[in-house]
Amino acid sequence: MPIFTERMEKLIRDIKLVATDLDGTFLRNDRSISPANQKALEKLGERQVIRVAATGRNLKKVMDVIHPDVPFDYIVFSSGAGVYNWKEKEHIYSQNIQANSAAKLLSYFIEQQLNFHAFYPVPDNHLHFYFRGAQPCEEFERYFEFNKAHATELEVHTLPNGELCQFLVIMKEDEVKFDKLKSNIESLCPEIRVIRASSPLTQGYIWLEVFHRKVSKGNGVFEVCRRHGIDTKQTLGVGNDYNDFDMLEMTQHSFLTKNAPQEIIGKYPLAPSNEEDAFAAVVQPLIR
């Protein structure tokens with residue numbers, strides 16, 4: 001079935017900004033960029049379309065998979081906690097959790113004996129504290145192994161007392177437990193919100209991410225629109241997971257890749273999978 005109707009193609013030709021998630025959307029499973037997606041980015045640039053990568057990765061992890069020559073214009077990183085001008089190599093926006101809320105959350109997670117990570121403020125949020133809870137968690141250990149070079153064990157008697165970018169709680173997939181924990185966390189601090197993400201490492205785990213309530217991929221992309229005077233009606237977005245919803249709700253023309261979790265398939269028009277050049281497919285009306 002074609003992705004676009006003729007009417008949609010005409011509307012999409014007026015797009016001024018395209019935003020894409022990275023893992024599971026723009027990147028292939030091996031974290032490489034397909035030739036078709038690379039060419040699509042280049043052609044969008046030739047047509048003066050703003051190109052935004054909106055990702056849950058921190059900026060350092062973005063740089064692990066995106067070479068400086070890849071022609072994005074902006075990176076919305078850490079789910080919108082920061083925005084980086086990719087061309088000018090300049091941080092242009094950040095939103096951290098305030099110190100009083102960060103202290104409450106640290107105390108709560110320790111009291112509940114959860115497995116979690118607490119990240120330094122943007123732009124240094126590749127650095128983080130870790131805490132092992134009461135229940136051993138293989139996924140927590142996998143994440144720790146990937147990131148231990150930037151991790152410091154949390155000292156419960158001398159907790160950090162400033163702003164933090166975010167928290168990551170890693171848990172077994174359990175909808176009831178997740179909903180209850182989300183409700184409890186959000187009731188602690190009105191300024192924060194909980195975002196759910198599927199684990200990119202192992203099926204069967206939920207990554208519960210805690211940010212300032214103003215943080216979302218959608219708000220990060222909107223900040224880029226604001227700076228360029230772009231109406232949100234002139235935007236297109238593509239993603240593959242729960243944590244892309246804020247972006248897809250903001251962009252006028254929004255698509256999910258067919259490798260998205262089955263329970264969210266159908267919420268947006270379906271694009272090919274990330275292994276089938278999803279990004280290049282959805283921007284075709286703009287680059288023909």
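Helices (H or I, at least four residues) and strands (E, at least two) are DSSP runs, numbered from the N terminus. The model is predicted: local features need pLDDT of at least 70, side-chain atom pairs count only at pLDDT 80 or more, and totals for chains, interfaces and linings use all residues. Residues are numbered from 1 along each chain as its sequence is written, and side-chain values use heavy atoms, with hydrogens and water left out.

**View A. Helix α5, residues 99-111.** The 13 residues of α5 span 18 Å from the first C-alpha to the last, close to the expected 18 Å; the expected span is 1.5 Å times one less than the number of residues. After α5 comes Q113, with a positive phi near 55°.

**View B. Buried residues of α5.** Buried (under 20% relative accessible area, 1.4 Å probe, protein chains only) describes S101, A102, L105, L106, Y108, F109 and I110. The buried residues of α5 pack against several elements, including β6 (116-119), β9 (166-172) and α7 (175-188).

**View C. Packing of α5 with α7.** The two helices pack at about 145°, with axes 10 Å apart; axes are lines fitted to C-alpha atoms over the stretch in contact, and angles run from 0 to 180 degrees between N-to-C directions. In contact (heavy atoms within 4.5 Å), K104, L105, Y108 and F109 of α5 meet L181, N184, I185 and L188 of α7.

**View D. Cysteines C165 and C189.** The structure has zero disulfides, a disulfide being a pair of cysteine sulfur atoms within 2.5 Å. The sulfur of C189 lies 15 Å from the closest cysteine sulfur, in C165, and is therefore too far for a bond. C165 is buried at 0% relative accessibility, and C189 is buried at 1% relative accessible area.

Note on methods. Buried < 20%, exposed > 50% of the residue type's maximum accessible area, 1.4 Å probe, protein only.
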